[in-house]
Amino acid sequence: MGPSRRDLLLAALPAPLSGALVVALPAAAQAQPAVLERTIPSSGERIAAVGLGTWLTFDLPIGDAEGLARRRAVLDRFFAGGGRLVDSSPMYGYAEAVLGELLARPEPRLFSATKVWTGIAGYGPTQMRRSLGLWRLPRVDLMQVHNLLAWREHLSTLRAWKDEGRIRHLGVTTSHGRAHDEVERILRGERIDFLQITYSPVDRSAEPLLGLAAERGVAVIVNRPFDGGALLQRLARRPLPALARELGCDSWAALVLKWELAHPAVTCAIPATTNPLHVTQNLQALRGPLPDRRQREALLRAFA
């Protein structure tokens, strides 16, 4: 076997001075570029700016061995590529149970995010305890009120749970461009750590709320970053623009995510997939430059 690429690189370096200490870094540390992280304003914790959603994609019976193996591959690729935040909900069918099954062995990189989804305020604690049981976790990193359902009552419960250490962050969610007036009232009147909201090149209606969230010190999770997949299906018929090379992207998915992450208020985007290759494409947005204002405008024209 010939010399490795690492051996050739080391051989090309100047010889050390006599008596000098030579420290060889692990190959992975030499080769891996930095991952784009964003800070959660309320806690100072940093998370990778691309997460993983589970709506529809992780809703399958626990007995589906082939399906579970595919989701296991998705999670393995996600964590190996630097991802952390995984988002789910009781609304997502079997998704929480599937995550618990696949994450049964400890995963130190996981930032767990789920939701309370019931209009009956008194049932919220029962549902949240069930979610913790399904995830097989003693506490969750982020608990959100799903689509603002009974949000006043649930936020009161979430604050109590946060004080007790059962959750670490709390927030609210909305999707499909709905209830923006209510979201604004919450941002102005309530103490929350996270807002999850729909934002993409084809739905920019949340931009005023993104700015308000930044002013209020609220982290932002972007859901439906590909417009439910419709945006990528349309773009797949077109060649990548020349700008893709400048931004270090070889897929439309990475370009779209970089466009979204270039907004300074966005903390994390959560595309969902059942395809490990798509995970790799999505995580490409974590590396290399983000588009500046001119490039974002050019990308909007390319996405149109």
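A cavity here is a set of grid points where a 1.4 Å probe fits but cannot get out. Keep that in mind for this structure, which is a predicted model. How many cavities of 30 Å³ or more does a search of the whole structure find? One.

The lining is Val-50, Gly-51, Leu-52, Phe-78, Pro-271, Val-279, Asn-282 and Leu-283. By class, that makes six nonpolar and two polar residues, with no charged ones. Which element gives the most to this lining? Helix H12 does, with three residues.

Now, one residue from that lining. Asn-282 sits in helix H12. Buried or exposed? Asn-282 has 5% relative accessibility, and the cut-off for buried is under 20%, so Asn-282 counts as buried. Leave aside residues up to four places away in sequence, and Asn-282 touches Val-50, Phe-226, Ala-253, Leu-257 and Pro-271.

Next, the open space. The largest pocket has a volume of about 830 Å³. Its lining takes in 37 residues. Which of them lie nearest the pocket centre? They are Arg-224, Gly-228, Gly-229, Pro-271 and Ala-272. So much for the centre; now the class make-up. The pocket lining counts 19 polar, 13 nonpolar and five charged residues.

Which helices each supply at least two residues of the pocket lining? Helix H11, residues 252–261, and helix H12, residues 276–283. H12 gives the most, with three residues. Recall that H12 also gives the most to the lining of the largest cavity.

Eight strands form an open sheet, with parallel pairing. The order runs S3-S4-S5-S6-S7-S8-S9-S10. Which strands are at the edges? Strand S3, residues 52–53, and strand S10, residues 268–269. Each of these two pairs on one side only.

Let me pick out one pair of neighbours. Strand S8 covers residues 194–198, and strand S9 covers residues 219–223. The two run parallel, joined by five bridges. For Thr-198, the bridge partner in S9 is Asn-223.

Stay on strand S9 for one more residue. Ile-221 lies in this strand. Its relative accessible area is 0%, so Ile-221 is buried. What does Ile-221 touch, again not counting residues up to four places away in sequence? On the list are Phe-194, Leu-195, Gln-196 and Ile-197, among others. Also on it are Leu-85, Leu-142, Gln-144, Cys-268 and Ile-270. Take Thr-198 as a distance check. Ile-221 and Thr-198 are 23 residues apart in sequence, and their C-alpha atoms are 8.4 Å apart in space.

Last topic, the cysteines. Cys-268, a contact of Ile-221, is buried, because its relative accessible area is 0%. Cys-249 has 7% relative accessibility, so Cys-249 counts as buried too. How many disulfides does the count come to? Zero, taking a disulfide as a pair of cysteine sulfur atoms within 2.5 Å.

To wrap up, three points. The search finds one cavity of 30 Å³ or more. H12 gives the most to the lining of the largest pocket. The eight strands of the open sheet pair in parallel.

Note on methods:
Residues are numbered from 1 along each chain as its sequence is written. This is a predicted model: local features need pLDDT of at least 70, side-chain atom pairs count only at pLDDT 80 or more; totals for chains, interfaces and linings use all residues. Side-chain values use heavy atoms; hydrogens and water are left out. On a 1 Å grid over the protein atoms alone, a cavity is a set of points where a 1.4 Å probe fits but cannot get out, and a pocket is an open set with protein on both sides within 12 Å along at least five of seven lines; lining residues have an atom within 4 Å of a point. Grid points are joined across faces, edges and corners, and a volume is the space filled by probe spheres set on the points. Helices (H or I, at least four residues) and strands (E, at least two) are DSSP runs, numbered from the N terminus. Ala, Val, Leu, Ile, Met, Phe, Trp, Tyr, Cys and Pro count as nonpolar, Asp, Glu, Lys and Arg as charged, and the others, Gly among them, as polar. Two strands pair if DSSP finds at least two bridges between them. Buried means under 20% relative accessible area, exposed over 50%, partly exposed in between (1.4 Å probe, protein chains only). Contact means heavy atoms within 4.5 Å.
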